[in-house]
Amino acid sequence: MVPLIVICIYLALLLGLGIFASTLFRGSSKDYMLASHSIGPFLLLMSLFGTTMTAFALVGSTGEAYAEGVGVYGLLASSSGIIHSLCFFVLGIKLWSLGKKYGYTTQIQYFRDRLQSDKIGILMFPILVGLVVPYLLIGVMSSGTVVSAVTQGAFRNEFFATHDYGVPPALGSLVISIVVLVYVFFGGMRGTAWANAFQTMVFMVLGIITFWIISSELGGLQAASQAVAEKHPSKLIRDVAQQDLDTYESDLAKWRTLAEYNYAANEAGTLKLTDEQKQEAVGAYKGPKIGNWKARAEATFAAKNNLLNLSTLDKNKAYVMQDDRFMPEEVPSSWSVAILSGEELNHVPRNEAASERAFTDETYSKNIGHPDDDLDPNDPSKGKKWTRKRAEGVYKATKWSPEKPHGMHYLEFISYMFVPLSVGMFPHLFQHWLTAKSASSFKLPVVLHPLFIAIVWIPCVLVGVWATSAMNGPAPMIPPHFNQNAVLSKMVSDMSTPLLSGLLIAGVLAAIMSSLDSQFLCIGTMFTEDIVVHYGGKDRFTDKQVVIIARCFIIAIVAVTYGLSLLEPRSVFSLGVWTFAGFSSMFPLVFASLYWKRLTKPGAYACVISAFAMWCYFFYDSDFAGNTQYTVLHMNPAATMVIGSAIAMVVVSLVTRPPSEEHLKRFFPEKS
Amino acid sequence: MRYMVWLLVVALIILRQDLWLWDNGTLVFGFMPITLLWQGGISIGAACVWFLATIFAWPTDLIEEVEKQSEGGE
């Protein structure tokens, strides 16, 4: 209950801050959306950093480092430190000068004028908003996951039993969305910028405290990293260590024996151990007595005594069934000839919902209950009752095949340099560039942004990597097939006191909310400026009506995002990368609009349409971010999209009529 | 000096591709994976290079011109 109280107090504080900022609200839509251009360098730095490096940086980077190892930092953090600031220099200052000259407040206003095309706004608006939605989704989804994880056991009422007696993720997401909406509504851009600065500081300070506590609990920095070097050395490099391959092969062989035994005993009916044999098997078993350990003991016994006599086809069927994968209606003929490799098995779709059998199968479900209750009231040494998440985790860890270790491809690593180009088209940043009070406000963010990234990412990546080898008694703290979005909250709740857990999760929520707020406000501004006022006319709506319309649109987008968050969850890191990749794919357009006089209106359309078409196709092909290993020619899809959209733009521009000299003079003035 | 700054930016981009540390699992100071230390160094290097950029490559002419124009217009 303590973490829940801490989180509630933090949310109340935040609401107070938003309401205080609203007392400074001057009532106009310009003040609401742009804080009357009064955002200085510090608030700009905090706002930019808070928006670009948030749920993605904390929850996403920890989870991805747990899955992929330390290479994650090089993929996005160091590249962002270089590219983000480069974009500020190359694009930001030029856009600021044009915003100052011609009074643009949104990127669509700029493109409409630069390309002399009204319809480019109609094309770009849904694409830009559509790309912001997955980014919002990351925040909404993560907030529910972390609140639920850290509050488990907070209630006694059976109503909460299906959520491990904690706050249901859907409710957590809803509350966080509402809190952000309230302070965005009350405070507008000024409230948002203040809340952003406050929350960015909160999550940076608490992040460092989290890191220190976790490393201490793991026996210190050296012991924590040493454990990884001993158990999972691949996590410290970007290749696969021979030791990890050997462990995998050995685990796979054991798992195959279990699968064959279960098939022979339960499906084919060709093997039935006698009671004596079963007793002997259990007596000889030396592994951990958890989950389906009796079946594993019997399988080992059967294999040792050559009792498993299955055909190649039956063995392959056994693996598919044991791994909860869908049996094809027509079994491929190759299955009768050769044993499926681990990789081939992974290509057979898995029934992910099968893990819910942990709630009905007596082997696992008998241990489920309130996490504060003893498993055996007469013998507290047996430990506490399992949460449903833990039962599901044990089910997957003991039933499913081991995960094959994999390295990173050189091309994938190099091509990630294209992903941070997204800042060039991020609506929120674009708006800051166009409307900043002075260009010198950019200096502080340009210099400190790479450092801030390092301060947040390095501890998160280390914690994620340490999580692969952290132990909870004899068992790993994070079992195989664990939801990587929940790695950070699991580490925090297992390794600190309830009070600290609450504080640390408040820090994580701060990071999440500081991302959501600016995006909410930005899409509201875009809708009113680029659609409502642009097509309705400036005099049709009063200032108050404009603010109300912006708020209604924001609520609609939040409702859509919240609805999407209730669907099957996705990896935070993958979703973030897809959003960034989408914005990156339109980078050639903004760059050409500032530096290439030959850019034409049809060329711009070709760029946007080809970028969007490629994004949709690749996103669909990756199972809507479900395939976290998805690459195109071993590269991140962003590389293909940026190059593809640039080629489309250049070719179409060159074969169409260039803009008039008079028009170009407005954007490319001759140097005096 | 302006060109030197841009050369440093290019150098950072090249140094970020630390393919030479691909399978090096050395723990520096007993806890820091060498590739993470290298990439962290790139972040610090980036902050230094961008600091130099704000001094030597800041487009003062463009900014002054725009500010003058906007003052004249207001």
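# Notebook: chains A and B, predicted model

**Overall size.** I began with chain A: for 672 residues a compact globule would have a radius of gyration near 26 Å, and chain A has 27 Å, which agrees. That radius is taken over C-alpha atoms, and the globule rule is 2.2 Å times the number of residues to the power 0.38. This is a predicted model, where local features need pLDDT of at least 70 and side-chain atom pairs count only at pLDDT 80 or more, while totals for chains, interfaces and linings use all residues. Residues are numbered from 1 along each chain as its sequence is written, and chains are lettered from A and ligands numbered from 1 in the order in which they are written.

I boxed chain A along its principal axes. Its C-alpha atoms fill roughly 95 × 55 × 45 Å. I counted 27 helices and two strands in chain A. Helices (H or I, at least four residues) and strands (E, at least two) are DSSP runs, numbered from the N terminus.

**Burial and contacts in chain A.** I found that 52% of the 672 residues of chain A count as buried. Buried is 20 or more other C-beta atoms within 10 Å of the residue's own, exposed is 12 or fewer, and partly exposed is in between; C-beta atoms are placed from the backbone. I then looked at contacts with a separation of 6 or more in chain A: residues 24 or more positions apart account for 82% of them. Two residues are in contact if their C-beta atoms, placed from the backbone, lie within 7 Å.

**Helix α18.** I checked residues 427-435 of chain A. Nine of the nine are buried, so α18 is largely enclosed by the rest of the structure. The buried residues include A:His428, A:Gln431, A:His432 and A:Trp433.

**Cores.** I looked up the largest nonpolar core, which has 182 residues. A nonpolar core is a set of buried Ala, Val, Leu, Ile, Met, Phe, Trp, Tyr and Cys residues joined through C-beta atoms within 7 Å. A:Trp457, A:Val461, A:Val508, A:Leu509 and A:Val608 have the most contacts inside this core. I followed A:Leu509. Beyond its neighbours within four places in sequence, A:Leu509 touches A:Ile7, A:Ser143, A:Val146 and A:Ile176. A second, separate core has 18 residues, among them A:Trp255, A:Phe301, A:Leu308 and A:Val320.

**α5 against α19.** I took this helix pair next. α5(A) and α19(A) pack at an angle of about 170°, with their axes 9 Å apart. Axes are lines fitted to C-alpha atoms, for helices over the stretch in contact, and angles run from 0 to 180 degrees between N-to-C directions. The pair is therefore roughly antiparallel, the term for angles over 145 degrees. From α5(A), the contact residues include A:His84, A:Phe88 and A:Phe89; from α19(A), they include A:His449, A:Trp457 and A:Val461. I sorted the residues of this contact: 13 nonpolar, five polar and no charged. Here Ala, Val, Leu, Ile, Met, Phe, Trp, Tyr, Cys and Pro count as nonpolar, Asp, Glu, Lys and Arg as charged, and the others, Gly among them, as polar.

**Where A meets B.** I listed 39 residues from chain A and 34 residues from chain B in the contact. On the chain A side, α5 (71-102), α9 (221-231), α17 (410-415) and α19 (443-467) each supply at least two residues. α5(A) gives the largest share, 15 residues. By class, the chain A side has 25 nonpolar, nine polar and five charged residues.

**Chain B.** I counted three helices and two strands, running α-β-β-α-α from the N terminus. Its radius of gyration is 19 Å, well over the 11 Å that the globule rule gives for 74 residues, so chain B is more spread out than a compact globule. Its C-alpha trace spans about 60 × 20 × 15 Å along the principal axes. Of its 74 residues, 24% count as buried.

**Loop residues.** I stopped at two residues other than glycine with a positive phi. A:Asn306 has phi near 55° and sits in the loop between α12 (293-304) and α13 (312-322) of chain A. A:Asn306 is exposed, with 7 other C-beta atoms within 10 Å. B:Phe29 also has phi near 55°, in the loop between β1 (27-28) and β2 (32-33) of chain B. With 9 C-beta neighbours inside 10 Å, B:Phe29 counts as exposed.

Terms used: Angles under 35 degrees count as roughly parallel, over 145 as roughly antiparallel, 65 to 115 as roughly perpendicular and the rest as oblique.
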